[in-house]
Every structure is written in C-alpha cells, then in structure tokens.
Amino acid sequence: MDAQDVSTDLTEVLYTKEEIDAKIRELAAQIDRDYADKDVLLVGVLKGAIMVMADLARALQSHVTMDWMAVSSYGSGTKSSGVVRILKDLDADLMNRHVLIVEDIIDSGLTLSWLKTNLESRGPASLEICTLFRKPEAVKVDIDVKYVGMDIPNKFVVGYGLDFDEKYRNLDCVGILAPHVYQ
Ligand code: 5GP
Ligand code: MG
Ligand code: MG
C-alpha cells in the first residue's frame with residue numbers, strides 16, 4: 001500500500017463516499033422542493049463546507065448562486081475556542097435574498113448561532129441552515145436547522161472537508177482519527 005495513504009490514519013470509517021453521496025442527494029431533493037419558486041443563495045462556510053457545497057450544488061436542479069464566508073472558532077486542536085472571527089466576509093448583498101447556509105458539521109452550535117444572527121441583520125428574505133452532520137451537543141442549542149444530513153456520535157471526525165490541523169479534508173469518507181495521529 002502507498003505510504004501516503006491517509007485513510008490508514010482512521011480507526012473507523014463512519015460514512016463511506018456512497019453513504020455521503022446518497023445523503024447529499026436526499027438533502028438536494030428536499031431543497032429543490034422547498035425552493036422551487038425561489039432563487040437561492042448558498043452560503044458556504046469555509047473551509048469545512050467545501051465538499052458539501054460542491055456536491056450539494058451539483059445535485060440541485062434549481063438555479064443557485066454561491067458565496068463563501070470564512071469564520072474561525074476552532075484553533076489547531078479539537079476544541080471550540082468559543083471565539084468567532086470573520087476571516088473572509090461575503091461578496092454578496094443579502095438584502096431580500098433567500099439565503100441557505102451550508103455547513104459541514106454542527107458541534108457546540110456556537111459558530112452557527114453567531115453566524116445566523118450576523119446574517120439575519122443583513123436583511124435576507126429568508127435564512128435557513130443545511131448541515132451534513134450534527135453532533136448531540138448541537139441539539140441543546142436553540143437554533144432551527146432545517147436540513148440535517150446525519151446525526152453522529154460525539155466524536156471528533158475528519159474527512160470530506162473536515163480537518164485535523166488542516167489535513168484529511170481530501171478524504172472522500174468520514175471517519176474517526178486514530179489516536180497515534182494526535183498523541
Ligand atoms: P461548533 O461551533 O458547532 O462547535 O463547530 C464549529 C466548527 O468546528 C464546525 O463547522 C467544524 O468546522 C468544526 N468542527 C466541529 N466538530 C468537528 C469535528 O468533529 N471534526 C472536525 N474536523 N471539525 C469539527
Ligand atoms: Mg464548518
Ligand atoms: Mg477545522
């Protein structure tokens with residue numbers, strides 16, 4: 001086997017490429033139905049949401065536009081710092097637009113609840129959230145997430161956009177990192 005094969009750094013694959021693809025198509029079908037008579041602006045949260053955004057956008061039948069925002073709430077470790085910073089703001093004006101935030105994962109919900117308040121103040125016609133993964137903690141937070149791909153265990157996961165120290169985003173599956181990687 002290739003010594004560079006990053007998948008050997010996983011102890012367990014939680015979701016395969018095929019399972020993720022199927023879930024993305026389900027979410028897209030739902031979104032297509034709900035936005036049948038509206039133009040939607042997809043707002044991807046960099047960098048984690050890049051894969052979800054790319055696959056979701058291509059699975060949608062409706063006209064969409066895409067914009068990106070970069071916020072930071074995690075350092076290089078695995079714990080939320082509790083501080084949200086805008087690293088890159090949107091180019092688009094949200095006034096009277098139908099906005100759908102596209103996220104990779106909701107853990108504490110901290111980032112998203114901050115982001116929702118921030119974007120709501122820009123006067124969108126509607127504002128909804130789509131996330132591929134949601135952890136148990138997030139359920140306790142009072143944010144209405146309209147589209148949830150999968151509820152996952154309270155473990156630190158990597159792959160499909162999700163990183164550990166900026167690595168593993170390019171895995172096409174999602175899994176649990178082996179302790180030898182971070183110990
Ligand atoms: P939250 O503010 O909801 O705790 O999480 C904010 C961000 O932290 C997520 O959008 C994601 O980028 C990152 N994050 C949360 N949980 C995980 C995880 O299990 N693995 C990785 N790689 N990133 C995570
Ligand atoms: Mg994210
Ligand atoms: Mg990260």
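Good morning. The structure is a predicted model, in which local features need pLDDT of at least 70, side-chain atom pairs count only at pLDDT 80 or more, and totals for chains, interfaces and linings use all residues. Residues are numbered from 1 along each chain as its sequence is written, while chains are lettered from A and ligands numbered from 1 in the order in which they are written.

I begin with the overall fold. The chain holds five helices and nine strands; these are DSSP runs, H or I of at least four residues for helices and E of at least two for strands, numbered from the N terminus. Along the sequence they follow the pattern β-α-β-α-β-β-β-α-β-α-β-β-β-α. For 183 residues, a compact globule would have a radius of gyration near 16 Å, and the chain agrees because its value is 16 Å. That radius is taken over C-alpha atoms, and the globule rule is 2.2 Å times the number of residues to the power 0.38. Along the principal axes, the C-alpha atoms fill a box of roughly 50 × 35 × 30 Å.

Let us turn to one open sheet. Three strands form it in the order β1-β9-β8, with antiparallel pairing. At its edges are β1 (10-15) and β8, each of which pairs on one side only. Pairing requires that DSSP find at least two bridges between two strands, and β8 and β9 (residues 174-177) have two. Val-157 stands opposite Ile-176 in β9.

Next, a single residue. Leu-42 lies in strand β2 (residues 40-46). Why does Leu-42 count as buried? Leu-42 does so because it has 21 C-beta neighbours inside 10 Å; the cut-offs are 20 or more other C-beta atoms within 10 Å for buried, 12 or fewer for exposed, and partly exposed in between, with C-beta atoms placed from the backbone. Beyond four places in sequence, Leu-42 touches Met-53, Ala-57, Val-64, Met-66, Leu-100 and Val-102, contact meaning C-beta atoms within 7 Å. Leu-42 and Met-66 are 24 residues apart along the chain, yet their C-alpha atoms are separated by 4.7 Å.

Finally, the ligand. Of the 20 residues around ligand 1, Gly-48, Asp-107, Ser-108, Thr-111 and Leu-162 come nearest, where near means a C-beta atom within 6 Å. Two or more shell residues come from each of β3 (64-74), β5 (98-106), α3 (110-120) and β8 (157-158). Which element gives the most? It is β5, with four residues. Thank you.

Methods: Contact = placed C-beta atoms within 7 Å.
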